[in-house]
Number of protein chains: 2
Amino acid sequence: MPAASKKIRGRAPVELDDIDRGLLRMLTENSRRTNNSLAEELGIAPSTCLARLNALRSAGVIRKFTVEVAPEVLGHALEALIFVRIRPGARHLMGAFSEEMRAKPGVTQLFFLGGTDDFLIHVAVRDSDDVRQFVLDNLSANPAVASTQTSLVFEHSQGTAPWL
Amino acid sequence: MPAASKKIRGRAPVELDDIDRGLLRMLTENSRRTNNSLAEELGIAPSTCLARLNALRSAGVIRKFTVEVAPEVLGHALEALIFVRIRPGARHLMGAFSEEMRAKPGVTQLFFLGGTDDFLIHVAVRDSDDVRQFVLDNLSANPAVASTQTSLVFEHSQGTAPWL
DNA sequence: TTTGAAATACCCTTAAG
DNA sequence: CTTAAGGGTATTTCAAA
């Protein structure tokens, strides 16, 4: 287990300066930019830039460099949110349920919610038939599930990161 | 407007082969890997690999290369989901409402939902006081909002991409 | 911490099979 | 799709400020 991924409960938040924020902003837009190009735009030396970048990585601020895929281009044109309520007598199965759902194809996000002990499943699938199929196969048939409520997503947008 | 970002409504989905999937899988884990390194692991020539990568970009499969930031390390330790119902008489304000919310600091995702004309706002903030503040300032005070319902997020995980 | 320079390593393009 | 090679660029290290 990398040190960076240890519990951070109660730990003082990492404070970013302008250079850190600039790095994150640029890498958020294009994580494949070269170190030299980043350094130039920031007005610092490439070696400094590299040091900053490595610092952000070891501090755990940067979890990973990744790629954003467009699901609709690959035929997953429909997103849906499925609210799931677990049966009161099946609360001990919630951990297993969570793991099970997370692995299902089409599931893009899974929220375990407080308050009324619910899950929210975010799926990206081909069409409404797929949603129905997903609910029937994975939820309605599951004895731990008390009820579900599905909403189609008309629009889904990312917010602007608050730390930039 | 790039050709790749045009409407794809009804367009035949892009079909991926093993090499494409391999590329996406590796880049999802680390988008800063060099082309040569990707090519080697895939067992193809670097030039071929680069061509594949560019093809995925122009096809719009790859939206962008980006970075995954850990909000909790920066002090945004609490996530919440806020369900918003818009007043029946204020449906014409939904577009504006959407834009307004998306720009608020702390908002990481915004879903515009069908069915019962609702929004779901996903926020990452410091603590529960911030959630309360967010709801009071941006939602309760908004005349277009009929009601809100907030759930704290105990766990939030990304699913495995179905196209890999 | 940051820098500059130097050495190494690597990448991109092109052309040809 | 591949190989091969050229010119060019990026990365990394390290001593010094």
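**Close-up 1. What lines the second largest pocket of this predicted model****.** Sort the lining residues of this pocket by class and you get 7 nonpolar, 3 polar and 4 charged. The lining has 14 residues. Nearest the pocket's centre lie A:Pro162 from chain A, along with B:Leu74, B:Gly75, B:His76 and B:Arg126 from chain B. How much space lies in the second largest pocket? About 240 Å³.

**Close-up 2. Helices α1 and α2 of chain A pack together****.** The crossing of α1(A) past α2(A) is right-handed. On the α1(A) side, look for A:Ile19, A:Gly22, A:Leu23, A:Met26 and A:Leu27; they meet A:Leu38, A:Glu41 and A:Leu42 of α2(A). By class, this contact of α1(A) with α2(A) comes out as 6 nonpolar, 1 polar and 1 charged residues.

**Close-up 3. Helices α1 and α3 of chain B pack together****.** Over in chain B, α1(B) takes in residues 18-29, while α3(B) takes in residues 46-58. This pair packs at about 80°, with axes 10 Å apart. Angles of 65 to 115 degrees count as roughly perpendicular, so that is the label for α1(B) and α3(B). From α1(B), the contact uses B:Ile19, B:Asp20, B:Leu23, B:Leu24 and B:Leu27; from α3(B), it uses B:Cys49, B:Arg52, B:Leu53 and B:Leu56. Split by class, the residues where α1(B) touches α3(B) are 7 nonpolar, no polar and 2 charged.

**Close-up 4. Helices α2 and α3 of chain B pack together****.** Now find α2(B), residues 35-42, packed with α3(B) at about 105°, their axes 8 Å apart. How are α2(B) and α3(B) set to each other, given that angle? They are roughly perpendicular. α2(B) brings B:Asn35, B:Asn36, B:Leu38, B:Ala39 and B:Leu42 to the contact, and α3(B) brings B:Pro46, B:Cys49, B:Leu50 and B:Leu53. The class count for α2(B) with α3(B) is 7 nonpolar, 2 polar and no charged.

Technical notes:
Residues are numbered from 1 along each chain as its sequence is written. Chains are lettered from A and ligands numbered from 1 in the order in which they are written. This is a predicted model: local features need pLDDT of at least 70, side-chain atom pairs count only at pLDDT 80 or more; totals for chains, interfaces and linings use all residues. Side-chain values use heavy atoms; hydrogens and water are left out. Axes are lines fitted to C-alpha atoms, for helices over the stretch in contact, and angles run from 0 to 180 degrees between N-to-C directions. Helices (H or I, at least four residues) and strands (E, at least two) are DSSP runs, numbered from the N terminus. A crossing is left-handed if the near helix is turned anticlockwise from the far one by less than a right angle, and right-handed if clockwise. Contact means heavy atoms within 4.5 Å. Ala, Val, Leu, Ile, Met, Phe, Trp, Tyr, Cys and Pro count as nonpolar, Asp, Glu, Lys and Arg as charged, and the others, Gly among them, as polar. On a 1 Å grid over the protein atoms alone, a cavity is a set of points where a 1.4 Å probe fits but cannot get out, and a pocket is an open set with protein on both sides within 12 Å along at least five of seven lines; lining residues have an atom within 4 Å of a point. Grid points are joined across faces, edges and corners, and a volume is the space filled by probe spheres set on the points. Angles under 35 degrees count as roughly parallel, over 145 as roughly antiparallel, 65 to 115 as roughly perpendicular and the rest as oblique.
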